[in-house]
Amino acid sequence: MRTALLCISITVVGFPAAAERDLVPSLDSASDVCIDRPAEPERMQNIAVREAYKRVLVQDTYRAQNLERIVETGSCTCDTRFPSWEAAETEFRERFTTAERWEMLEASDTYNRRANALGPDAMAICEAVGNW
């Protein structure tokens, strides 16, 4: 009986530590889909924390543009799903360079809504070719 209780105690005490270890987020963003995707521009990675909303807006723009392109073309090649960042950065420069922070936050929300609406269709197209 004592041996059984000791084994149960050790298991219960050790379990939370193992569970917590599994909840630690990984900074490794490597993917096995389209491994040659273009990296986010370095200037975006080095943006000041106080201006992180600008980086988020470019990321949201990039995601929405890419999902839109997949649905419009019905194609999910790696170049379609993960093109260069140039189009998203150009849109940011043309539309938001002089915008206020709140305007950029609203635009991020709009791009996210657009991407979320396109997501299921894009996912179906990409899953069919193994690129999701």
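Visitor: Is the disulfide of Cys34 and Cys78 left-handed or right-handed?
Guide: This is a predicted model, and the torsion about the S-S bond of Cys34 and Cys78 in it is about -85°. Because of that torsion, the disulfide is left-handed.

Visitor: How many residues apart in sequence are the parts that this pair ties together?
Guide: Cys34 lies in the loop between helix H1 (2-23) and helix H2 (42-45), while Cys78 belongs to helix H4 (residues 78-81). Since the two cysteines sit in these separate elements, the pair ties together parts whose distance in sequence is 44 residues.

Visitor: What is the distance from S to S in the disulfide that joins Cys34 to Cys78?
Guide: A disulfide is a covalent bond between the sulfur atoms of two cysteines. For the one that joins Cys34 to Cys78, the distance from S to S is 2.2 Å.

Visitor: How many disulfides does a search of the whole structure find?
Guide: Besides the bond that joins Cys34 to Cys78, Cys76 and Cys126 form a disulfide, with their sulfur atoms 1.9 Å apart. With bonded cysteines counted along the chain, the disulfides follow the pattern 1-3, 2-4. The number that a search of the whole structure finds is 2.

Visitor: Is the disulfide of Cys76 and Cys126 left-handed or right-handed, and which helix holds Cys126?
Guide: The torsion about the S-S bond of Cys76 and Cys126 is about 90°, so this disulfide is right-handed. The pair links distant parts of the chain, 50 residues apart, with Cys76 in the loop between helix H3 (52-73) and H4, and Cys126 in helix H6 (residues 101-128).

Visitor: What is the relative accessibility of Cys126?
Guide: Cys76 has a relative accessibility of 5% and counts as buried. Cys126 also counts as buried, because its relative accessibility is 0%.

Visitor: Which residue has a side chain joined to that of Thr80 by a polar contact?
Guide: Thr80 is found in helix H4 and is buried, with a relative accessible area of 12%. Leaving aside residues up to four places away in sequence, Thr80 touches Asn66, Arg69, Ile70, Thr73 and Ser75. The polar contact, of 2.8 Å, joins the side chain of Thr80 to that of Thr77.

Conventions. Residues numbered from 1 in each chain as written. Predicted model: local features only at pLDDT ≥ 70, side-chain atom pairs only at ≥ 80, totals over all residues. Heavy atoms only, no water. Disulfide = S-S within 2.5 Å. Helix = DSSP H or I, 4+ residues; strand = E, 2+ residues; numbered from the N terminus. Buried < 20%, exposed > 50% of the residue type's maximum accessible area, 1.4 Å probe, protein only. Polar contact = N/O pair within 3.5 Å; in protein donor to acceptor, adjacent residues only side chain to side chain. Contact = heavy atoms within 4.5 Å.
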